[in-house]
Amino acid sequence: MTTATPDPTPVPPCPRCAATHVVRNGPNSAGTPTFRCRACGRRFVAAPRKGPVTDDRKALVRKLLHERVGLRAIARVTGLSRSWLQGFVNGVYEETPWDPGPLKKTTPARS
Ligand SMILES: [Zn+2]
């Protein structure tokens with residue numbers, strides 16, 4: 001028996017939990033077929049065009065942030081998306097301790 005529409009791509013395992021119980025989840029906005037893991041719910045494509053950001057690039061972003069380079073400038077230089085960069089910066093600020101210390105004495109206003 002032959003099916004009318006053969007499977008164009010085999011179903012890959014989940015990239016997050018490596019489970020093989022994966023179902024087709026329709027195309028994404030770019031038309032690439034997506035899959036959903038039944039175990040953890042992760043939605044993914046079979047062959048992503050861009051992988052995760054490497055630690056080297058994250059270190060470069062941290063250096064540029066330390067030099068007080070603007071977020072748009074960092075995005076332009078590194079080629080990272082501004083939305084990814086904003087999320088990364090939010091995480092960096094979450095883990096950065098901030099202790100302003102006691103309030104300074106203010107001088108009374110002159111009349
Ligand atoms: Zn999974």
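## Cys40 and the zinc site

Cys40 is partly exposed, with a relative accessible area of 29% (buried means under 20%, exposed over 50%, partly exposed in between, with a 1.4 Å probe and protein chains only). Cys14, on the other hand, is buried at 4%. This is a predicted model, where local features need pLDDT of at least 70, side-chain atom pairs count only at pLDDT 80 or more, and totals for chains, interfaces and linings use all residues. Residues are numbered from 1 along each chain as its sequence is written, and side-chain values use heavy atoms, leaving out hydrogens and water.

So what holds the zinc ion? Cys14, Cys17, Cys37 and Cys40 coordinate it through their SG atoms at 2.2 to 2.4 Å (donors are N, O and S atoms within 2.8 Å of the metal, or 3.2 Å for Na, K and Ca; water is not among the atoms, so sites may look incomplete). Along the chain, these donors follow the spacing C-x2-C-x19-C-x2-C.

## Two aromatic pairs

The structure holds two aromatic pairs. Rings of Phe, Tyr and Trp (its six-membered ring) pair if their centres lie within 6.5 Å; planes under 30 degrees apart count as stacked, over 60 as edge-to-face and the rest as tilted. Phe35 and Phe44 make a tilted pair, 6.0 Å centre to centre with 35° between the planes, and both residues are buried.

The ring centres of Trp84 and Phe88 are 5.1 Å apart and their planes sit at 10°, so this pair is stacked. Trp84 is partly exposed at 27% relative accessible area, while Phe88 is buried at 12%.
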